[in-house]
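Take a walk through this structure, one chain at a time. Keep the sequence and the 3D view side by side.

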Amino acid sequence: MSKKPKSGLAPAPVKSASNPAELKALSVCASHGNRASELLEILHDVQHELGYVPESVLPVIANAVNLSRAEVHGVVTFYHDFKREPVGRHTIKICRAEACQSMGTDHLCKHAEKSLKTDMGGTSPDGSVTIEQVFCLGNCALSPAILIGDKLYGKVDAKRFDEIVAGLSKETAA
Amino acid sequence: MITVYVPRDAAALSVGADEVASAILAEAVKLKKQVRLIRNGSRGMLYLEPLVEVETPTGRVAYGPVTPGDVADLFKSGFLEGKSHKLGHGLTEDIPYFKKQERLTFARCGITDPLSIEDYIKYDGFKGLKNAIDMKPIDIVTEVTTSGLRGRGGAGFPTGIKWKTVHDLKGDQKYVACNADEGDSGTFADRMLMEGDPYCLIEGMTIAAIAGGATKGYIYIRSEYPHAINVLKEAIEIARKANWLGDNIQGSNYSFDLYVRRGAGAYICGEETSMLESIEGKRGIVRYKPPIPAIEGLFGKPTIINNVMSFAAVPIILDKGGEFYKNYGVGRSRGTLAFQIAGNIKQGGLVEKAFGVTTRELVEDWGGGTATGRPVRAVQVGGPLGAYLPESKFDVPMDYEEFAKVDAMVGHGGLVVFDDTVDMAKMARFAMEFCVLESCGKCTPCRIGSTRGVETIDKIIADDNRAKNMELLADLCVTMADGSLCAMGGLTPFPVMSAVKGFPDDFNKPGKNKFLAEAAE
């Protein structure tokens, strides 16, 4: 039985990892010294490994870092970055902040939704691409900007967007 | 061997710098030319990116914007000898956009290889820290106070006073925390410095640590900046190995270590207390003040919190003295600010200039007007919580107090330019919508007020009881400004009311419900 979390909330029920995702989460926690203060880093790493943060790993993480399940749930749901459902193979973050608006990002967003046949926040029917709105990628002098993984693109109009997406499917096929 | 520079800055990469670098290397191999390629930071002339520079006996010669398709032609016209070409701009330092600046904080950015400590030292790096090591901590604080440096994150609080508070406190553990959650649209100075001159930030934070008596520091960088995160992590490792961080820095009695923490896509974490919560691994909920973070900050300990630009201004202050820095600027706004010209702009980029320069100079002289070629109608200064300036206010000098007088704020120095196709009622609605999405939810004026704000502006646009709803909106803005816990809800009224006051016609169009119709599409 783990010691009572500092918050005074009930500790997460002890739960041993029973599937690969949970085992992965445990090892990520361990690599961060099971420190509650590194919860954001832990969640980033779990998402990097699993593609999203499944519900089933929350009690495992809570237990490992000695927080209540509610506290971990609270953190996961507070931050836009953490996904609670699986997403497409690629996530395209389209900037919708003011600078990109001044260069027609509204039009780009509509184009993206139409060409990928999904709404903002959704995944294309073939499961390849998720599109997501973000507010500022720090590329405001070369608007509109999008971010795919760690790759930033500037001056993205509808035509360039289509070329980039076509490049992604080629990458996936290769 | 000829040295060629192609930036590794994220903005340059976003328009193909990697592809250009590969093309240059491939062409050099093909033509059997000896080329040494250095991936520098950006010079800040983002409209010219990818900006390729070639080292020549008379200085570095600039070419840009270069595409991979231009490379063969550049070689053919002799760019390795700095010869002329249609993409050529002559000596980089003579380009008026660059030459007219006053670069103190960004003095090295774009010149050096960001990760080379040798480069950093060659261009005056660590001089400030060396001085600081030999000074009494209180004298460091005094020097910063003398410089007149004020918080560059937007609030403009005197940095020296903040440091003094932490210096005067006793404590077994104190911290330094750097706010690199640069979430404001139209700002990229923090990102450029972190990617282009990371040791400058490390040096500034180390000086702060010595002044305040801290031994640990955190840099909180937003997850939208993967390049900056990687560069800083690498730079910290290198600095540690070279003993510019860690125990007994350069043989002194001072020890300081530094860690990078990633954000997770929450704008509110740029608010300092919310950032502290986030570094502690919690929801980014704003804290009540008092206690101020200088007294009870990270993990409840005394903490010096500053923005990237504030810390990065410190090395030169400790190198050349507070008086030197203070000689730049106007009124109570001393030193320089890295202005960022963005949005619908022909020549977007970073312009470091002493306070006192005007919006018009930045947008017209440096920016060259809009990218679309249409007239400039509005400029939002200071991020999503800053006011929209109509043309009549373009000549107000950039000065914290002068801007406050016209209900605007200088903020972080970001300028987002809009042409005459902008619908300001829509932008006012967006300001409220952004607050709905990004409010931490702790206080009612921000959490509920923003939602009511969106609804009210929708009614105004639809000409539903317009006069009454305009009154209601103004009243709501007063409630949000006076009643919110932090700047998120407290400053959202700025863009909204500045749009209402500066662009009344946009709120008075026939009630076609244009935006709702668009949204319903």
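Which strands of chain A does helix α6 lie across? Helix α6, residues 105-115 of chain A, lies across β1 and β2 of chain A. Its direction is at about 155° to β1(A). Bear in mind that this is a predicted model.

Now look at the strands themselves. In chain A, four strands form an open sheet. Their order is β2-β1-β3-β4, and the pairing is mixed. In general, the strands of a sheet pair through backbone hydrogen bonds, either parallel or antiparallel. Strand β1(A), residues 90-95, runs parallel to β2(A), and six bridges join the two.

Next, the edges. These are taken by β2 and by β4 (151-153) of chain A. Each has a single partner strand, so one side of each is left without a neighbour in the sheet. From one strand to the next, the twist averages 20°.

Is strand β2 of chain A enclosed or open? Strand β2 covers residues 129-134, and five of these six residues are buried, so the strand is largely enclosed by the rest of the structure. "Buried" here requires 20 or more other C-beta atoms within 10 Å of a residue's own.

Step back to chain A as a whole. Chain A holds seven helices and four strands. Along the sequence they follow the pattern α-α-α-α-β-α-α-β-β-β-α. Chain A has 174 residues, and 44% of them count as buried. Among its contacts with a separation of 6 or more, 64% link residues 24 or more positions apart.

Where does chain A meet chain B? The contact takes 36 residues from chain A and 45 residues from chain B. On the chain B side, α1 (10-14), β12 (336-343) and β16 (414-419) each supply at least two residues. By type, the chain B side divides into 22 nonpolar, 15 polar and eight charged residues.

Move on into chain B. Chain B is divided into four stretches: domain 1 (2-99), domain 2 (117-326), domain 3 (329-419) and domain 4 (424-520). Take domains 2 and 3 of chain B as a pair. Their C-alpha centres lie 26 Å apart. The contact between them takes 19 residues from domain 2 and 19 residues from domain 3. On the domain 2 side, α9 (189-196), α13 (308-320) and α14 (322-326) of chain B each supply at least two residues. That side divides into seven nonpolar, eight polar and four charged residues.

End with a helix of chain B. Helix α17 of chain B spans residues 424-438. At 1.5 Å a residue, its 15 residues should span 21 Å, and its end C-alpha atoms are 21 Å apart, which agrees. How many of the residues of α17(B) are buried? Eleven of the 15 are, and the helix is mostly covered. Among the buried residues of α17(B) are B:M424, B:F430, B:F434 and B:C435. The buried set also includes the charged residues B:R429 and B:E438.

Key
Residues are numbered from 1 along each chain as its sequence is written. Chains are lettered from A and ligands numbered from 1 in the order in which they are written. This is a predicted model: local features need pLDDT of at least 70, side-chain atom pairs count only at pLDDT 80 or more; totals for chains, interfaces and linings use all residues. The expected span of a helix is 1.5 Å times one less than its number of residues. A residue is buried if 20 or more other C-beta atoms lie within 10 Å of its own, exposed if 12 or fewer, and partly exposed in between; C-beta atoms are placed from the backbone. Domain bounds come from an automatic or database domain assignment. Two residues are in contact if their C-beta atoms, placed from the backbone, lie within 7 Å. Two strands pair if DSSP finds at least two bridges between them. Axes are lines fitted to C-alpha atoms, for helices over the stretch in contact, and angles run from 0 to 180 degrees between N-to-C directions.
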